[in-house]
Amino acid sequence: MSVNVIDGRQLAEHLVEEMAEEVKARTAQGYQTPGLAVVLVGENPASAIYVRNKIRTAEKAGLHCVVIKLDASCSQQALDEVVIELNERDDIDGILVQLPLPAHLSEERIINLISPEKDVDGFHPMNVGRLSTGQATLVPCTPLGCLEILKREIGDLSGMHAVVIGRSNIVGKPMASLLLQANCTVSVVHSKSVDAASLCRQADILVVAVGVPELVDRHLVKPGAVVLDVGINAIEQDGKRKLVGDVNFADVADICQAITPVPGGIGPMTIACLIKNTLAAAKQRGVKQPVV
Ligand code: NAP
């Protein structure tokens, strides 16, 4: 079977270009430029890179961007106040607090504090509830990016067996909800699953979000499956640092219908979907430019 490697970078670039056109058209109609605020607490190097990439892409799409950096030792109250102010700002449509937070700060509290209408990460319980009851809402960016890829790659997903490995709140669970809504038969496996391998081998669609480098080899993949590798793991190889996914790409690629690489697969689509959510939030809020 020839290898169909899904180019997430190219897909994401295409999406961002489309959204840039939409942003231009909206501002020409008198709406304010969609605004995204990103809050970064501390000096976690991976978080700093993620935030830089998100802002770079948001600027390409023509969004108004605000980055707020807080010291790693900032108090819960200081962080709360920043979020409350962003909730009230008219020029901000989307708020993202980069996770993980330093251990003394409560992620749950912050997720609950962000106004659901500006929750472009889709983590607020109100948005989680809306997603699981099938209502229109802001959906977590990574599973949204996965669904976008699946729709482009496969089209109608009805009746397909999708297996999601991992049940986190940010990837596994919302992914399962989206696949159910797309009429798949969905299995979710996790670290306590018994005989996960036989379920995985039945999957037409296999989404892997575990955080274990190259866990999935060809013995877990049905020939002809579409495999989406969400994992991002930094490993040392021959004295060099490199990024690998949760799927052993070299072992699996030739038996798949299509597969996402790491890097260059789900990562760029996640960022493109952050822009998509910010635009959706801006449309929902519908704030016009101030009349001068
Ligand atoms: P997480 O919160 O640590 O969840 C990992 C899940 O994997 C848990 O549900 C865990 O099961 C399950 N698991 C662990 N070992 C397993 C095993 N041997 N077999 C089956 N299931 C197992 O991780 P996450 O936040 O979902 O992230 C997963 C990966 O995706 C990480 O590498 C992360 O960096 C990456 N990620 C990438 C993007 C992107 O933009 N590409 C976005 C988000 C995350 P239990 O629940 O039983 O513990």
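This is a short tour of a predicted model, by selection in the viewer.

Residues are numbered from 1 along each chain as its sequence is written, and side-chain values use heavy atoms, with hydrogens and water left out. Because the model is predicted, local features need pLDDT of at least 70 and side-chain atom pairs count only at pLDDT 80 or more, while totals for chains, interfaces and linings use all residues.

**Domains.** Colour residues 30-115 as domain 1 and 141-268 as domain 2; the bounds come from an automatic or database domain assignment. The C-alpha centres of domain 1 and domain 2 are 28 Å apart.

**The sheet.** Next select strands E1 (residues 35-41), E2 (64-70) and E3 (94-97). Helices (H or I, at least four residues) and strands (E, at least two) are DSSP runs, numbered from the N terminus. The 3 strands make an open sheet with parallel pairing, in the order E2-E1-E3. Two strands pair if DSSP finds at least two bridges between them. E2 and E3 are the edge strands, each pairing on one side only. From one strand to the next the twist averages 15 degrees. E1 and E3 pair in the parallel sense over 4 bridges; to see a bridge partner, show alanine 37 with isoleucine 95 in E3.

**Helix H2.** Axes are lines fitted to C-alpha atoms, for helices over the stretch in contact, and angles run from 0 to 180 degrees between N-to-C directions. H2 has 16 residues and reaches 23 Å from its first C-alpha to its last, close to the 22 Å expected at 1.5 Å a residue, the expected span being 1.5 Å times one less than the number of residues.

Show the side chains of Ser47, Val51, Lys54, Ile55, Thr57 and Ala58, the buried residues of H2. They lie on the same side of H2 because they cover an arc of only 165 degrees around the axis, taken from the directions from the helix axis to the C-beta atoms. Buried means under 20% relative accessible area, exposed over 50%, partly exposed in between (1.4 Å probe, protein chains only). On the other side of H2, Pro45 and Lys60 are exposed. What do the buried residues of H2 pack against? They pack against helix H1 (8-28), E1, E2, E3 and helix H10 (266-285).

**Serine 177.** Finally, go to helix H7 (residues 172-181) and pick serine 177. Serine 177 counts as buried because its relative accessibility is 18%. Leaving aside neighbours within four places in sequence, serine 177 is in contact (heavy atoms within 4.5 Å) with Leu131 and Ser132.
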